[in-house]
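Here are my notes on this one, point by point. Have the viewer open as you read.

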Amino acid sequence: MVKVFRYRVKSLNGLLNRQSRAVNLVWNFCNDTQKFALKWHKRWPSGFDLNKLTTGTSKELALHAGTINAVCEQYARSRTQKKRPLRYRGKKSLGWVPFKGRDLKREGNAFRFHGNTFRVFYSRPLPEGKIKDGSCFAQDARGRWFLNIVLEVADVPARAPVRGVGIDLGLKDFATLSTGQKIANRRYYRVLEAKLGVAQRAHKGRQVTAIHAKIANQRTDFLHKEALKLVRQFDYIAVGNVNASGLAKTHMAKSVLDAGWSSFRNMLRHKAIEHGAWFEEVDESMSTQVCSTCGCTSGPKGVADLGIRDWVCRECGSRHDRDQNSALNILLRSGHRTPVVGIPVL
Ligand SMILES: [Zn+2]
C-alpha cells in the first residue's frame, strides 16, 4: 500500500522556486514537442522518448536528472489521460519539483536531495519504507512549499466486516448514517465570509488568497476528521453515488457540493484501505422513495418532495426519516451486509 506524507519545507533561499521555473521549461518543451508531433502527424513521443530528448540538460538547467525524467514521464502520463496537448506552465502555475524516489535520502528528521539538506517541520514521523516515484516538492496557493513523500508501507489486513453503515450524502445535513446519526454541514464561509468581503473590496489579493486557502483547509480538515471517525467506528462503509445535478439550484452550489462529496468519498476509500475496513460505492437511485422496511415505493420523490423530511410508509406503516431511510437502502444494496446489521423497525 502506498501512503503520502506531507511536510512543510523551506525553499532554501528560493532554490525550489528557481528549480520549479526550470521544471516549467522542461514541461513546456514537452508540450512543444507534442504540438510539433501533432502538426506533422508524427507518432506521439512517449515518456521514454522525451527522456532521450532531454538527456544532458541537467547541468544547464541546474536540475537533478531524475527531476527531468520525472517531469517528462508525468507529462506523458497526463497527456495520455487528456488525449490532447496540455497547458503550458507559467508564472501562475503552482511550483512543482518532482523527483525519483531513490534520489531522496533520509537524514535524521531532514532529507537530502540533489546536494541540499531540507529541514522539514516534522509533523509526523515518516515510517520505514521505500520512497517511491511520484514524490515531489509542491507549492500551495499561498506560495508555501511542501515535501510530498510517496511511501510504500506494509498492507493492513482487512477486518471482518461486522459493523456496517450506509451513508446518504445530502444537502440539508452533510451526511446521514443508517444508524440515524447525522453529520451537520459546517458553514465554513460564515465566519470567514465577512473578512473575505473586506479583503476583496480593498483589492488585497494576498489576503483574499490566504482566506480562500483557509476556508479550503478547514473544509478538508473537517472531511478528514469525519471520514476517520467513520472508518474507526465501522468495518464496512457503503456510500451513495449521488451527484449534485438536479439537486442544487445554482451551478456554483453544484460544483461546490460535487467537489465536497467526491473528495469525501475518496477520503473514505483511502482511509478504509489504510485501516483495513471495506468501502463500497452504491447506486442510490430511488433510495429516497423505497421503504427500507417493506421495499414498496411510497416515499418522497426526488427534487419535488425535497421538503418532506419524515414520512409514513403507505404499505407497512413504518415511520421514516427521509435521509436515514435512504442511508438504510444504500446499506441494503451494498454487498457486505451481514445479519448483525438488521433492519430497525421504527
Ligand atoms: Zn413500508
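1. Val 23, Val 26, Trp 27, Cys 30 and Gln 34 of H1 meet Thr 67, Ile 68, Val 71, Cys 72, Tyr 75 and Arg 79 of H4; contact here means C-beta atoms, placed from the backbone, within 7 Å. By class, that contact has eight nonpolar, two polar and one charged residues (Ala, Val, Leu, Ile, Met, Phe, Trp, Tyr, Cys and Pro count as nonpolar, Asp, Glu, Lys and Arg as charged, the others, Gly among them, as polar).

2. A caveat: this is a predicted model, where local features need pLDDT of at least 70 and side-chain atom pairs pLDDT 80 or more, while totals for chains, interfaces and linings use all residues. Numbering starts from 1 along each chain as its sequence is written.

3. H1 (residues 15–39) and H4 (residues 65–82) pack at about 45 degrees, axes 10 Å apart. Axes are lines fitted to C-alpha atoms, for helices over the stretch in contact, with angles from 0 to 180 degrees between N-to-C directions.

4. On to the domains: domain 1 is 2–152 and domain 2 is 164–333, with bounds from an automatic or database domain assignment. Their centres, over C-alpha atoms, are separated by 35 Å. Four residues of domain 1 contact four of domain 2; the domain 1 side has one nonpolar, no polar and three charged residues.

Technical notes:
Helices (H or I, at least four residues) and strands (E, at least two) are DSSP runs, numbered from the N terminus. Two residues are in contact if their C-beta atoms, placed from the backbone, lie within 7 Å.
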